[in-house]
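This report covers strand pairing, backbone geometry and aromatic contacts. Please keep the model open while reading.

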Amino acid sequence: GTGSGTVTGIGINCGSDCTETKNQGTAITHTATSTTGSTFQGWSGGTCSGTGTCIVTLNANTTVTATFNTQTAGGSGTYIVKQDGTGDFSSIQACADVAKAGDTCLVYPGNYPEIVKTKFGGTSANPGACIPVTGTYPNLVPNTSQCDAQRIIFKASGLVTVRGFWIQHPFITIDGFDITGYTTSWQAHVNIFKNGNYCQVINNTIRDGVANVAGISFAPESVHANNCTFRGNTLKNLNYIFLSINGANHLIENNVLEHLNNRDYVYLFGHDNIVRRNIFRDGNAVANVSNHPDWMQTFGDSGGQSYNMLIEENWVENLESALGQLSGGGGPQGISPDIHDWIFRNNVFTSVMNNLDIQLSVTFENNTFYRVSYSQNGINIGGSLNRGDPSRTIIDNNVFVAGGSTSASGYYS
C-alpha cells in the first residue's frame with residue numbers, strides 16, 4: 001500500500017525481520033500496527049482477512065501480506081472502498097474508522113454486510129449557516145445560505161447495498177445507498193444519535209424491513225441531534241415506523257414513502273421542523289398486524305415536545321390507514337405544555353381510508369381533501385383534560401370533496 005507499519009508475531013518483527021521457520025502445525029498470531037500517518041487496511045494470504053489479528057497454522061510455506069495506506073490529514077481526501085481489495089479499503093467501516101473532516105468514503109458497487117458506525121465527525125467555521133430550517137414559527141422556511149461545512153461523506157458509486165448506518169458525530173452525509181437487512185428490533189436502518197447534528201441522509205433507498213425495525217430514527221435519548229436534512233430518499237415496504245423524527249430544525253423534503261404494511265409513516269416530535277414536498281402513497285393494510293396505522297402521529301404519553309411544525313406541499317394518496325392522530329397529551333401526566341401549534345398548508349390528501357383525530361391546536365390552510373376518511377366520519381377535532389387542547393385550531397380556505405363514509409358524517413367536526 002501507500003503507507004507503512006509493522007507486523008509482529010513469534011520471532012517476527014517486520015519491518016526488519018519478516019521471515020521465520022517453524023515446525024509444521026505451529027500456530028502463529030500476527031498483529032499489525034500502523035505508523036503515524038498511516039492506517040492498516042487489512043490482511044491477505046494464508047487464511048487471513050479483515051483487520052483483526054491474523055492467526056496462521058503452518059502446513060506449508062505461507063506468505064501473509066499486511067497492507068497499510070497513507071491516512072489523509074483531513075479536508076480533501078477521497079478514499080476508495082472496493083470489496084476486491086483494489087481500493088484503499090475493502091469495507092465501509094474501515095474507511096469510517098479513519099475518515100476525518102473533509103474526507104469522502106467513495107464506495108464501489110457490491111453487497112456490504114455491514115452496519116457502519118461513524119468514528120469521527122465533520123466541522124464548520126459557521127455552523128449557523130448550515131441549519132436547514134430558518135425563520136420563526138409560523139414563518140419557517142428552508143435555509144438557502146451557503147454552508148461551508150467540512151463534512152465526512154459516505155457516497156455510493158453505483159449500486160451499493162449495506163445493512164445500516166449509525167450517525168454518532170456531526171456533519172455526516174450518507175448519500176445514495178441501498179439500505180436493507182438490518183434486523184435488531186427497536187432500532188432503525190439509519191440510527192441518529194445525540195451528537196449527530198447537521199447530518200444529511202440523501203438519495204438513499206431504505207427497503208424491505210423486518211418487524212420492529214424503523215427506516216430512519218433518532219435514538220431514544222434524553223437529548224437529540226438537531227439541524228439534519230432528509231432529502232430525496234425512497235422508503236418502502238418497511239415493517240415499522242418509516243420516519244421517527246425528534247430534535248429541532250430538521251428539513252424533510254422530496255422523499256417518497258410507500259407500502260406501509262399496517263405501520264406508521266411519520267412520528268413527528270421535537271420542534272421547528274419542516275415536512276415538505278414529499279410523496280406518501282400506497283399504504284396497504286395487512287391482516288393480523290395489530291397496529292392501527294397512521295400517516296402522521298404525535299403524542300405526549302411520555303412527555304416530550306412536538307410544537308411549531310410546518311407540513312406543506314405534500315402529496316398523500318391511497319392509504320388504507322388513518323390520516324393521523326395528533327394528541328397533545330396522554331397517560332397519567334395529562335396535557336403536555338410542549339405539544340402544540342402545527343400548520344398543514346397546501347397539501348393534497350386523496351383516498352385515505354380513516355380519519356384524522358386532532359387534540360392539539362392546528363392550522364389547516366389551502367389544503368385539498370378528496371375522499372378522506374371514506375370509511376369513517378371526517379376530521380375529528382376535540383379535547384380532553386388528558387389528551388390535549390385544540391381550542392386555537394383554524395380551518396381556512398380548504399377544499400373538501402367526498403369526505404366521510406355517508407352524507408351525514410361530515411368532512412370535519
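## Terms and model

Rings of Phe, Tyr and Trp (its six-membered ring) pair if their centres lie within 6.5 Å; planes under 30 degrees apart count as stacked, over 60 as edge-to-face and the rest as tilted. A pair of aromatic rings is described by the distance of the centres and the angle of the planes.

This is a predicted model: local features need pLDDT of at least 70, side-chain atom pairs count only at pLDDT 80 or more, and totals for chains, interfaces and linings use all residues. Residues are numbered from 1 along each chain as its sequence is written, and side-chain values use heavy atoms, with hydrogens and water left out.

## Aromatic cluster and ring pairs

Ring pairs join Phe242, Tyr265, Phe280, Trp295, Trp342, Phe344, Phe349, Phe364, Phe369 and Phe400 into a cluster. The structure holds 20 aromatic pairs. Tyr79 and Phe89 form an edge-to-face pair, because their ring centres are 5.3 Å apart and their planes stand at 70°. This pair links distant parts of the chain, 10 residues apart: Tyr79 is in strand β7 (residues 78-81), and Phe89 is in the loop between β7 and α1 (92-96). Helices (H or I, at least four residues) and strands (E, at least two) are DSSP runs, numbered from the N terminus. Both Tyr79 and Phe89 are buried.

The pair of Phe154 and Phe165 is tilted, because the centres lie 6.1 Å apart with the planes at 55°. Phe154 belongs to strand β12 (residues 152-156) and Phe165 to strand β13 (residues 160-167), so the pair ties together parts 11 residues apart in sequence. Buried means under 20% relative accessible area, exposed over 50%, and partly exposed in between (1.4 Å probe, protein chains only). Phe154 counts as buried because its relative accessibility is 1%. Phe165 is buried too, with a relative accessible area of 1%.

## Charges over rings

A charge sits over a ring if NZ of Lys or CZ of Arg is within 6 Å of the ring centre and within 35 degrees of the ring normal. Lys82 lies over the face of Tyr108, at 4.5 Å from the ring centre. The charged end of Lys117 sits over the ring of Trp166, 3.9 Å from its centre.

## Strand pairing

Two strands pair if DSSP finds at least two bridges between them. Strands β33 (residues 348-359) and β35 (residues 368-372) run parallel and are joined by four bridges. In β35, Tyr370 is the bridge partner of Thr350.

Strand β35 also runs parallel to β38 (residues 399-401), with three bridges between them. Phe369 has Phe400 in β38 as its bridge partner. Phe369 and Phe400 are also members of the aromatic cluster.

## Backbone exceptions

Most residues other than glycine have a negative phi, and most peptide bonds are trans. Where are the exceptions? A cis peptide bond joins Cys14 and Gly15, with omega about 0°. Gly15 is in the loop between β2 (12-14) and β3 (27-34). The bond from Tyr137 to Pro138 is also cis, with omega near 10°. Pro138 is in the loop between β10 (133-134) and β11 (141-142).

Asn249 is not a glycine, yet has a positive phi of about 65°. Asn249 lies in the loop between β22 (243-245) and β23 (251-253). Asn249 counts as partly exposed because its relative accessible area is 21%. Asn318, not a glycine either, has a positive phi of about 55°. Asn318 lies in strand β31 (residues 315-327). At 37% relative accessibility, Asn318 is partly exposed.
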